[in-house]
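Student: Take me through one part closely, please: the aromatic side chains. Then go on to the helices.

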Amino acid sequence: MTPSPDISRLLEIMAALRTPGTGCPWDLEQNFATIAPYTIEEAYEVADAIARGDLDDLRDELGDLLLQVVYHARMAEEQNAFTFGDVVEAITRKMIRRHPHVFADANGRLTPSGVKGAWERIKADEKAERGALRHPEPAKKQVSLLSGVKTGLPALARAMELQRKAGTVGFDWNDPRAVLKKIREEADEIEAELDSADRSELARETGDLLFAVVNLARHVDADPEIALRGANAKFERRFAYIEGALAAKGRSLADASLAEMDALWNEAKERE
């Protein structure tokens, strides 16, 4: 089998990998649940390539992400649920429906803000329709403003979206300084719980603190995921400096005191 720019070749490869008897043993034993973490990981790899501005890597990572879609679609086809073609049809139908200003016979064009508003209304209609299909009985259940925020999102992204949704109706801080005050309050609550050693309560309070920090990121127009990635990279650089500085003296981390490592950390910080 040879490489090809045609999507059909990728579908053939996945079908071959999942063919009992002749396929790949590892691929054959996978299911939706075991593949889902890889799907999330590949999406992060795409975001990382974009953040680094590496378009060659982005091409490869998009391919890896596309493979995840093909993988899930193949497993669904094996269960006679749907095919890859059904996935493509579903998204094309959705995109056409959500862009009536582009694909429908309509006079005039919407402004960017109008397009966003129309998108949200159409998404809400689609969600209501799906709910009606799943629960055809006439139930008068209240639909929350936040019900459209997908539960499968990474926690940071979901916190951001929950806050953004609530902010559309005015339930929001007006000043980043007010958010900072909230962060201090949450930190104080954690400190008050430290003596109790109640792990579950400490975990809840820590979650509140993280939620407040995401809120701050939103108010200063920073993506919390990208910001945290940057902090991770910074930590790695500075820690590597500590290791390198100690190695130059013929020493290891195990030989150094916390005070020494802290001093080297400050050196690394000053060099940046």
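Tutor: Start with Phe 235. Its relative accessibility is 48%. Exposed would need over 50%, and buried under 20%. Phe 235 therefore counts as partly exposed. Keep in mind that this is a predicted model.

Now widen the view. How many aromatic pairs does the structure hold? There are three. One of them joins Trp 26 and Tyr 38, with 5.9 Å from centre to centre. The angle between their planes is 80°. Edge-to-face takes over 60 degrees, so this pair qualifies. What does the pair tie together? Trp 26 sits in helix α2 (residues 25-28), and Tyr 38 in helix α3 (residues 32-52). The contact therefore connects parts that are twelve residues apart in sequence.

The ring centres of Phe 235 and Trp 265 are 5.4 Å apart. Their planes meet at 50°, so this pair is tilted. Phe 235 belongs to helix α11 (residues 224-248), while Trp 265 belongs to helix α12 (residues 258-271). The two residues are 30 apart, and their pair links distant parts of the chain.

Next, helix α5. It runs over residues 84-98, 15 residues in all. From first C-alpha to last, α5 reaches 21 Å. That is close to the 21 Å expected at 1.5 Å a residue. Look at the start of α5: a side-chain oxygen of Thr 83 comes to within 3.3 Å of the backbone nitrogen of Gly 85.

Past α5 comes His 99, in the loop between α5 and α6 (100-103). Its relative accessible area is 17%, so His 99 is buried. What does its side chain reach? The backbone oxygen of Met 95, at 2.7 Å.

Last, a helix crossing. Two packed helices are described by the angle between their axes and the distance between the axes. Take α1 (residues 7-17) and α4 (residues 55-78): their axes come within 10 Å and cross at roughly 55°. That angle makes α1 oblique to α4. The crossing of α1 and α4 is right-handed.

Notes:
Residues are numbered from 1 along each chain as its sequence is written. This is a predicted model: local features need pLDDT of at least 70, side-chain atom pairs count only at pLDDT 80 or more; totals for chains, interfaces and linings use all residues. Side-chain values use heavy atoms; hydrogens and water are left out. Helices (H or I, at least four residues) and strands (E, at least two) are DSSP runs, numbered from the N terminus. The expected span of a helix is 1.5 Å times one less than its number of residues. A polar contact is a pair of N or O atoms within 3.5 Å; within protein, one must be able to donate a hydrogen and the other to accept it, and residues adjacent in sequence count only if both atoms are side-chain atoms. Rings of Phe, Tyr and Trp (its six-membered ring) pair if their centres lie within 6.5 Å; planes under 30 degrees apart count as stacked, over 60 as edge-to-face and the rest as tilted. Buried means under 20% relative accessible area, exposed over 50%, partly exposed in between (1.4 Å probe, protein chains only). Axes are lines fitted to C-alpha atoms, for helices over the stretch in contact, and angles run from 0 to 180 degrees between N-to-C directions. Angles under 35 degrees count as roughly parallel, over 145 as roughly antiparallel, 65 to 115 as roughly perpendicular and the rest as oblique. A crossing is left-handed if the near helix is turned anticlockwise from the far one by less than a right angle, and right-handed if clockwise.
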